[in-house]
Amino acid sequence: LANRAFHPEDSCIDVSGVKVGRGHLALIAGPCSVESTEQVLEIAQAVKASGANMLRGGAFKPRTSPYAFQGMGVDGLKILSEVKAETGLPIVSELMSPEYLDLFNEKVDLIQIGARNMQNFDLLKHLGDINRPILLKRGLNATYEEWVMSAEYIMASGNENVILCERGIRTFESYTRNTLDLQCIPVMKKLTHLPVIIDPSHAGGKWWLVEPMAKASIAAGADGLMIEVHNDPSNALCDGAQSLKPDKYDELLKNIVEIAHVI
Ligand code: PEP
Ligand code: MN
């Protein structure tokens, strides 16, 4: 179902009225984690003014350490709904368990499956029970073929609204958090007809790597960007080091729009 050979035309996915693919860019921005209503609202208003068309925010967080902040859970989703009501921005948030599928179906416009769950096949199969678009992040050590097959699991279970997201892969390099694989854009577009977006925040793990990698991604044909933005990165509960301040995000989007016009 994902195979380009049977679908020569690029897919265009509709996320609550925002089109992604076929020339339409997903410009997703927001904090790594929902921390409070004030925090999410302030960031959402800023990124919306800059031109973002969706708001991200993690309510359930897949943290390496069980002692790290695990997210606000259901309360975090409530905050996202309030901010959506204020700003109109569709919500992107990560689902980690089928237990919350119905709640996410109700409150989240684009359901993220995180890198660590890319091959959680039971979770993938449950996504066929709903019609919400899915943002499928690439696993930390997943090959292109494995990533395609995970998309295929979701599509074969009955939900064909899949957007792919590269977020950096594990390599020998430890200076950066991960290594951004830009080659995945032309490769995944050759193998599949699905939109491909890039998350330069988790790829590099450093805020100053975000702008150059975001520009390169758009130049290489990406269908959008997911970028972590925080109003107070040094006090963020998660991923402050890779988060842009709203003014930097504003500058970045101006450049992105220019590059998108040229290519
Ligand atoms: C995220 O986007 O907040 C996240 C946890 O990403 P990943 O699954 O790519 O690590
Ligand atoms: Mn994060």
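A crossing is left-handed if the near helix is turned anticlockwise from the far one by less than a right angle, and right-handed if clockwise. The crossing of α1 and α2 is right-handed. This is a predicted model, in which local features need pLDDT of at least 70 and side-chain atom pairs count only at pLDDT 80 or more, while totals for chains, interfaces and linings use all residues. Residues are numbered from 1 along each chain as its sequence is written, and chains are lettered from A and ligands numbered from 1 in the order in which they are written.

**Overall fold**

- The chain holds 9 helices and 10 strands; helices (H or I, at least four residues) and strands (E, at least two) are DSSP runs, numbered from the N terminus.
- The chain has a radius of gyration of 17 Å, close to the 18 Å given by the globule rule for 263 residues, so it is as compact as a globular protein of that length. This radius is taken over C-alpha atoms, and the globule rule is 2.2 Å times the number of residues to the power 0.38.
- Along the principal axes, the C-alpha atoms of the chain fill a box of roughly 45 × 45 × 40 Å.
- Of the 263 residues, 48% count as buried. A residue is buried if 20 or more other C-beta atoms lie within 10 Å of its own, exposed if 12 or fewer, and partly exposed in between, with C-beta atoms placed from the backbone.
- Of the contacts between residues at least 6 apart in sequence, 68% join residues at least 24 apart. Two residues are in contact if their C-beta atoms, placed from the backbone, lie within 7 Å.

**Helix α1 with helix α2**

- The axes of α1 and α2 (residues 74-87) come within 10 Å and cross at roughly 35°. Axes are lines fitted to C-alpha atoms, for helices over the stretch in contact, and angles run from 0 to 180 degrees between N-to-C directions.
- On the α1 side the contact has Thr-37, Val-40, Leu-41, Ala-44, Gln-45 and Lys-48, and these meet Ile-79, Leu-80, Glu-82, Val-83, Glu-86 and Thr-87 of α2.
- By class, this contact of α1 with α2 has 6 nonpolar, 3 polar and 3 charged residues. Ala, Val, Leu, Ile, Met, Phe, Trp, Tyr, Cys and Pro count as nonpolar, Asp, Glu, Lys and Arg as charged, and the others, Gly among them, as polar.

**Helix α1 with helix α9**

- Helix α1 (residues 37-50) packs against helix α9 (residues 246-262) at an angle of about 20°, and the two axes are 9 Å apart.
- Helices α1 and α9 are therefore roughly parallel to each other. Angles under 35 degrees count as roughly parallel, over 145 as roughly antiparallel, 65 to 115 as roughly perpendicular and the rest as oblique.
- Their crossing is right-handed.
- Ile-43, Ala-46, Val-47 and Ser-50 of α1 make the contact with Pro-246, Tyr-249, Asp-250 and Leu-253 of α9.
- The residues of this contact of α1 with α9 divide into 6 nonpolar, 1 polar and 1 charged.

**Helix α8 with helix α9**

- Helix α8 (residues 207-219) and α9 pack at about 20°, with axes 9 Å apart, which makes α8 roughly parallel to α9.
- The crossing of α8 and α9 is right-handed.
- From α8, the residues Glu-211, Ala-214, Lys-215, Ile-218 and Ala-219 meet Leu-252, Asn-255, Ile-256, Ile-259 and Ala-260 of α9.
- The contact of α8 with α9 divides into 7 nonpolar, 1 polar and 2 charged residues.

**Loop between β10 and α9**

- Asp-239 is found in the loop between β10 and α9, and has a positive phi of about 60° although it is not a glycine.
- With 20 C-beta neighbours inside 10 Å, Asp-239 counts as buried.
- Gly-240 lies in the loop between β10 (224-228) and α9; Gly-240 is partly exposed, with 16 other C-beta atoms within 10 Å.
- Not counting residues up to four places away in sequence, Gly-240 touches His-230, Pro-233 and Ser-234.
- Gly-240 and Cys-32 are 208 residues apart along the chain, and their C-alpha atoms are separated by 8.2 Å.

**Other loop residues**

- Ser-16 sits in the loop between β1 (13-15) and β2 (18-20). Its phi is near 45°, a positive value in a residue other than glycine.
- Ser-16 counts as partly exposed, with 15 C-beta neighbours inside 10 Å.
- Ser-65 is placed in the loop between β4 (54-56) and α2, and counts as exposed, with 7 C-beta neighbours inside 10 Å.
- The C-alpha atoms of Ser-65 and Leu-77 are separated by 22 Å, with the two residues 12 apart along the chain.
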